[in-house]
Amino acid sequence: MYLQGPVEEVELETREASPAHSLIKIDSFSLLEKRGISKVETREFTAGKYKWKLVIYPNGHVTEKDEEHYVSIYLAIAGTDDLPSKWEVNATFSICVFNHFSGNFRYSLDNAEFKITNFSTLKEKWVSEEFTVGSSDTWMIEVYPNGCGKETGRSLSIYLRKVVWNNCASTESVRPCFIFRIKNQLNDHGHHGMISPGGWLSAPNITNAWKWDPFIELSVLKDPNKGFIVNDCCVIEIEITPQAISF
């Protein structure tokens, strides 16, 4: 079983620490294609009481158009014969690539969490502080507690904006992959989430945004049994990865 990440171009984060569970070194990487080696499987390693391995396609796993322009890396679970019937494993993981010039590792996962206190006293909108994903992308979110547009009085609305420093002109466009969640504070289940629509946003148009006017109905949001608002506090999580960048 493979756990697959995105195939589009990704803006990566950096870290100094080596991966905790497995470190793989492939010598003479450029010779793999010349020798007709299209797939490399690593030795098994253990993490979270399960056995895993990486499956690497040096010239891409050609299952879709243009995918051969990428190096494809899959995380595969191993030793499934030892698992019980109808097994299921949920995993959160990062795959890092070592940069020999800078001496650090690059990876592609970033998360942010915002606690909105005194939620019942909010008026038109709540604006987050600016936060950074990757080495250059800066974002902010806007929350309309009583909805926006046609959803006013019916749903909570959420907007995601890419910040353009000093309102400077740029020809950059970005298409991110992101997931918004309103956290269930009563237990670890029942978060209300929404996956990104996957559209492009251009930097010069700073009034543009990805938006969900009907993100969650107010009747559901304010239901005390749902756990979305506890002690007049609402917690919003966002997981975001720039999938593709054009100039």
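## The big picture

Counting up the secondary structure gives two helices and 19 strands. Keep in mind that this is a predicted model. The protein has 247 residues, and 36% of them are buried.

Among contacts with a separation of 6 or more, 59% are between residues 24 or more positions apart.

## The nonpolar cores

The largest nonpolar core is made of 27 residues, and Leu156, Leu160, Phe180, Ile182, Leu221 and Ile236 have the most contacts inside it. Several elements supply at least two residues each, including strand 13 (155–162), strand 14 (173–182), helix 2 (218–221) and strand 19 (233–246). Strand 17 gives the largest share, with four residues.

Apart from its neighbours within four places in sequence, Leu221 touches Phe119, Leu156, Ile182, Ile216, Phe228 and Ile229. There's also a second, separate core of eight residues, with Phe45, Ala47, Trp52 and Ile77 among them.

## Salt bridges

You'll find six salt bridges in the structure. One of them pairs Asp27 with Lys25 at 4.0 Å, N to O, and both of these residues are exposed.

Now compare Glu142 and Arg161, whose side chains meet in a salt bridge at 2.8 Å. Glu142 sits in strand 12 and Arg161 in strand 13, so this pair ties together parts that are 19 residues apart in sequence. Both Glu142 and Arg161 are buried.

Arg154 bridges to Glu151, with their closest N and O atoms 3.1 Å apart. Glu151 counts as buried because its relative accessible area is 15%, and the cut-off for buried is under 20%. Elsewhere, salt bridges link Lys39, Glu41 and Lys53 in a network.

## A buried charge without a partner

Which strand holds Asp213? That would be strand 17, covering residues 210–217. Asp213 is buried but has no salt bridge, and the nearest side chain of opposite charge, Lys211, is 4.7 Å away. A salt bridge needs the atoms within 4 Å, so Lys211 doesn't qualify as a partner for Asp213.

What Asp213 does have is a polar contact of 2.9 Å between its side chain and that of Tyr159. Setting aside neighbours within four places in sequence, the contacts of Asp213 are Cys148, Glu151, Ser155, Leu156, Ser157 and Tyr159.

Conventions: Residues numbered from 1 in each chain as written. Predicted model: local features only at pLDDT ≥ 70, side-chain atom pairs only at ≥ 80, totals over all residues. Heavy atoms only, no water. Buried < 20%, exposed > 50% of the residue type's maximum accessible area, 1.4 Å probe, protein only. Lys, Arg positive; Asp, Glu negative; His and termini not counted. Polar contact = N/O pair within 3.5 Å; in protein donor to acceptor, adjacent residues only side chain to side chain. Contact = heavy atoms within 4.5 Å. Core = buried A, V, L, I, M, F, W, Y, C linked by side-chain atoms within 4.5 Å.
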